Amino acid sequence: MEERPEDTLLQLNNISVVYSDVIQVLKGVSLKVPRGRIVSLLGSNGAGKTTTLKAISGLLKPENGKVTDGEIVYDGSRVQNLSPEEITRLGITQVLEGRQPFKYLTIEENLKVGTATRWLKPWKKDLELVYDYFPPLTKRKKTLAGYCSGGEMQMLVMGRALMAHPKLLLLDEPSLGLAPLVVREIFRIIRRINEEQGTTIVLVEQNANMALQIAHYGYVMENGKIVMEGEAATLRENPDVKEFYLGVSAGGLARSYKDVKSYKRRKRWL
Amino acid sequence: MEFFLQLLINGLSIGLLYGLSALGFVMIFKASSVLNFAHGQLLAMGAFFFLVLVSWLKIPIVVAFLITLAGSFVLGFAVERIFLRPLIGESLIFVIMLTVGLASMFKGLLLFFFGGNLQTYPDFLPAGLALQIGTIYVPPVYVASSLLGGVFLLLFGLFFKYSPQGIFMRSVADNQTAAMSLGVHVKKVFALSWAIAALVAGMSGIVLGIINGINVHEISSIGLKVFPVVILGGLDSIGGAIIGGIIIGLLETFTSGYISPSLRDVIPYIVLVVILLIKPYGLFGLVEIERV
């Protein structure tokens with residue numbers, strides 16, 4: 001890798017997010033996403049990963065959440081608390097957690113909705129591109145999305161997001177509830193999209209092992225804060241990450257609750 | 001037999017009209033889960049607007065018709081903008097109560113300006129529009145209403161199926177958050193669904209006005225018939241609204257033909273109750289796709 005200062009596409013500066021004016025979920029999160037890279041956001045349930053993505057994509061608003069502090073800078077301009085319509089038009093698209101296709105629309109209609117930000121422009125080429133990335137969708141163009149398998153749905157929602165020509169793609173747990181082989185396939189495609197389209201990707205994952213294999217950089221979140229960050233390769237080797245997120249203890253054995261030291265170590269960075 | 005066919009044809013053309021009017025109601029419900037209790041008043045607004053244009057301002061019929069459609073469209077748009085948009089995000093019951101309020105407001109306005117008497121349009125439909133099939137005579141107004149109903153249903157069908165905006169509207173109805181994440185302008189979709197609903201309501205109002213005369217109370221209560229229609233068809237099914245409309249239309253005409261005209265307006269509500277008891281999702285309510 002060459003040694004030039006990297007061009008930052010997205011930067012979160014110390015943001016706090018509050019839901020319904022009282023529930024604070026993010027407490028000063030800062031992170032940087034370099035252009036053209038895959039940045040992974042790891043952490044356990046309730047750490048604030050999804051909230052972070054929603055703060056970026058503007059989807060906090062309909063849930064009565066708000067960025068109360070700090071700023072989100074995308075491509076040189078501040079975008080915090082803009083509406084999702086505005087943010088998507090700047091080139092940020094979020095793929096929601098838990099595969100949410102439009103069940104009563106066909107695959108092709110689902111993909112068509114992906115062009116909402118530029119619906120007057122031609123889109124046939126993009127359709128071919130999506131089918132090229134996700135070949136299983138080709139056979140099911142006219143099928144209602146609700147009747148597709150989990151893997152196909154995940155491919156569909158990712159393909160739908162690609163139709164929007166995102167510069168920044170936010171993926172929320174693409175591996176959720178999928179068979180290991182399908183997960184591998186999905187991650188291979190994510191890497192291909194990043195390499196071939198130059199799309200910058202923020203990847204939220206529970207599956208730290210897979211995520212750190214394709215990501216360039218990673219952040220670890222706990223309790224609404226970033227507790228650790230580093231190059232993906234470094235994180236993979238970090239004993240704490242290994243133990244808490246990859247499920248491997250220092251000695252290569254699954255960790256046990258008897259191990260008080262590890263509990264204390266975890267406590268220290270919360 | 002002739003009597004039967006006559007009733008059948010009348011019922012079908014009235015039914016298409018009900019279906020069309022219910023289509024507007026279903027659209028609003030699908031897009032934003034709002035039950036629009038002011039639907040009947042939207043019909044009445046269209047009917048009176050047309051009356052003003054035709055009887056008072058003496059504008060040619062076709063032009064007046066188009067202006068009424070455009071006016072209704074704008075009215076729907078404005079209603080969403082002024083009254084409903086501030087309530088986005090509030091609990092649904094507030095929004096529904098608001099439509100009840102709107103209904104009273106529109107009714108009050110119409111009564112204030114036009115009074116409660118029965119008014120009629122000048123007779124403008126050409127007699128040549130009437131159909132004579134054997135011994136069955138179809139009056140011009142039924143021919144016109146069937147034609148309008150058919151054409152508009154076809155247009156809206158194509159619009160929803162193929163046009164980008166139609167697909168976006170269906171996507172919002174399907175999963176609002178996902179639609180938002182892709183940049184679909186959800187508020188615009190709401191506004192558009194109100195505008196289209198008001199447009200079809202206005203049109204139905206005109207035709208009903210031609211058939212029955214124009215009276216605020218009368219037309220508003222016909223607007224209430226969308227409830228039996230959509231409950232029969234399934235609240236969230238556009239196709240169901242149309243078929244529900246046709247069934248209710250047929251039931252009404254057959255009841256008034258074979259049993260008693262005074263029962264005509266009761267039958268739809270009896271059907272409503274029965275349907276709610278035995279098939280609460282209606283004939284064509286969405287079969288929930290459960291595949292997680």
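Which residues have the most contacts inside the largest nonpolar core? The legends below take up this question first.

**View 1. The largest nonpolar core has 157 residues.** Those with the most contacts inside this core are Leu203(A), Leu23(B), Ala47(B) and Val184(B), where a nonpolar core is a set of buried Ala, Val, Leu, Ile, Met, Phe, Trp, Tyr and Cys residues joined through C-beta atoms within 7 Å. Helix α8 of chain B (residues 186-212) gives the most to the core, with 18 residues; helices (H or I, at least four residues) and strands (E, at least two) are DSSP runs, numbered from the N terminus. The model is predicted, with local features needing pLDDT of at least 70 and side-chain atom pairs counting only at pLDDT 80 or more, while totals for chains, interfaces and linings use all residues. Residues are numbered from 1 along each chain as its sequence is written, and chains are lettered from A and ligands numbered from 1 in the order in which they are written.

**View 2. Surroundings of Ala47(B).** Leaving aside residues up to four places away in sequence, Ala47(B) touches Gly205(B), Ile206(B), Leu208(B), Gly209(B), Ile214(B) and Ile219(B), contact being defined by C-beta atoms, placed from the backbone, that lie within 7 Å.

**View 3. The open four-stranded sheet of chain A.** The strands follow the order β2-β1-β4-β5 with antiparallel pairing, two strands being paired if DSSP finds at least two bridges between them. At the edges lie β2 (23-34) and β5 (77-78) of chain A, each of which pairs on one side only. Strand β4(A), residues 65-74, is joined to β5(A) by two bridges, and Tyr74(A) has Ser77(A) in β5(A) as its bridge partner. Helix α1(A), residues 49-57, lies across β1 (8-19), β2 and β4 of chain A and runs at about 70° to β2(A); the axes are lines fitted to C-alpha atoms, for helices over the stretch in contact, with angles from 0 to 180 degrees between N-to-C directions.

**View 4. The side of chain A that touches chain B.** Here 26 residues of chain A are in contact with 19 residues of chain B. The elements giving two or more residues to this side of chain A are α2 (84-89), β6 (92-95) and α3 (107-113) of chain A, and the largest share, four residues, comes from α2(A).

**View 5. Chain B, with twelve helices and two strands.** Of its 292 residues, 46% count as buried, that is, with 20 or more other C-beta atoms within 10 Å of their own, C-beta atoms being placed from the backbone.

Key: Contact = placed C-beta atoms within 7 Å. Buried ≥ 20, exposed ≤ 12 C-beta atoms within 10 Å, placed from the backbone.
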